[in-house]
Amino acid sequence: MSSTAATVAEIDELVLTDPAGGVVVDVPAVSGERGVVVALVGPSGVGKSTALRSILGALPDGLRRRAGRVRVLEHEVLDLDPVRLRRLRRHHIALVDQDPASRLNPRMRVRHLLAELAARPGPGELRRLLTDVCLPADDEMLARRPHQLSGGQQRRLALARALARRPDLLLLDEPTAGLDPSLGAEIGLLVRELAGRHDMAVILASHDGDLVGRIADRVIELRPPSRAPVPSSSPVAVLAAAAVPLPAPAPSATVATPPPVAAADSPPAPAPTPAAGAAPRAGRPVRAAARRTPALVMRRLRARTGRRGRTILHDVELELGPGAAHAVIGPSGAGKTTLARTITGLHPHAEGVVELDGQPLPLRLARRTGEQRRLIQLVPQDPLGALNPVRTVGAVLARPLRLHRRVDPAGVPSRVERLLADVALPAETVTRLPHELSGGQRQRVALARALAADPAVLVCDEVTSALDAPTARALMELLTRLREERGLAVVLVSHDLDLVARHCDTACSIDRGRISWAGQAGAVLQRR
């Protein structure tokens, strides 16, 4: 590959191997020129994130370079000494990775997070950066801390921080994950426009086909090392092979296990569907399924940003039956993640009623019993921040099995292996650390960890946002199977309306902290 004056970064046939010499990542020729947007595509785990990190000169632990080179502004980054590499990163490269929340100092306010990187850190520049990424450019937003932002807002803040540095090269890993389609389109067009305006090279990794089609000047497909075609059904085939009945959950000592799902020959009556676009009557709960005693009930649920802060959830009501799947949709920043955290007891400033199988639950996680915690599990939007960075995947999955005594000690290894198979991860993943996995693989580990507790209710916050479409469909099929076999109830926070319509029973839309619409999941396609 030959360099030109416009070329900022290039990867020349990079081959990475594991300690045993096996090829793990094989990156074809990639070049990033000024004003050009290059997209890396391919299935989850194929090496897109590793390719981006190689441009930073940061190869995952345990991987070695067998062949190839990586150059940025004429520097061989994999051969640079630490001082020169830090200088190159500080002044010329910016990365927004898949888990931006883990990169934001939780004690700093938005204004300080932006000012520490801005070339001109005055109020006008900070507000312009917020406006560029479609965030409110007001004092209230500037005064917030990261935990007071939604996942989508955290991602946009991370992008604003990257743009504040005015880099020559912008690296984006799943830049629209966790964003609603309209906002994702806006961010994509912003990136496209900034690449030309600032003469900046952009290399992004994405599963969002619409985004890639709209803004990419060049698309490069990464394949497994064998270079064999990737069957679109391969993740589904893996899950299908693992689709055997799971061990029965241990009896609950504190909260009753949900009753079994009604037999197939006596289907539940469908919930009433409001007219398309109509808002539900005030005080009327959203019924996610008409089955026996609801597994989860929420009444007059409110949440605030602080003890005396503004209200971000207003009188949300929901009934979720055993085996039902209810989707929560709505624009980024509307309150969906806050609702998920409130259900699981993680939002500190909430009031109202949450019941599980007729028994009231404390709204604070610290006040719930171990069994109550087990029965409601959260799969968060930012798995890197939720997984212990110094524990292997095997240890991460074994902990809830031992903590909640779900299997005999001798059966823990085999159960861990089964959990990995259930989420389409190979058995050798047990020895990997979280930072050695791709974003999609970490998301599946987080799901497996939640399933290890044998929950009655699973709350999934953008659980498929970092996955390619076949793997996302396969994981939703897994959840459907668990709903049928176990009566597992699922609350799915998602922007993927096609996935919601295909795999959920009912849905509600949240806008500015209020339920603005509720009905059958199939009707969400009419609300695009």
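Reader: Is aspartate 97 buried or exposed?

Author: Let's look at this predicted model together. Aspartate 97 has a relative accessibility of 7%, and it counts as buried because the cut-off for that word is under 20%.

Reader: Which side chain does aspartate 97 meet in a salt bridge?

Author: Here is the general idea: side chains of opposite charge can pair when their charged atoms come close. In this structure, aspartate 97 pairs with arginine 103, at 2.7 Å from N to O. Arginine 103 is partly exposed, with 47% relative accessibility.

Reader: How many salt bridges does the count come to?

Author: The count comes to 31 salt bridges. Among them is one between glutamate 140 and arginine 144, whose closest N and O atoms lie 3.0 Å apart. There, arginine 144 is buried at 8%, while glutamate 140 is partly exposed at 35%.

Reader: Which residues do salt bridges with shared partners join into one network?

Author: Look for Glu10, Asp12, Arg69, Arg71, Glu74 and Glu76, which are joined in this way.

Reader: And what about aspartate 168 and arginine 34: how do their side chains meet?

Author: They form a salt bridge too, with 3.1 Å from N to O. This pair links distant parts of the chain, 134 residues apart. Aspartate 168 sits in the loop between helix H6 (151-164) and strand E8 (169-173), and arginine 34 sits in the loop between strand E3 (30-33) and strand E4 (37-41).

Notes
Residues numbered from 1 in each chain as written. Predicted model: local features only at pLDDT ≥ 70, side-chain atom pairs only at ≥ 80, totals over all residues. Heavy atoms only, no water. Salt bridge = Lys/Arg side-chain N within 4 Å of Asp/Glu carboxyl O. Helix = DSSP H or I, 4+ residues; strand = E, 2+ residues; numbered from the N terminus. Buried < 20%, exposed > 50% of the residue type's maximum accessible area, 1.4 Å probe, protein only.
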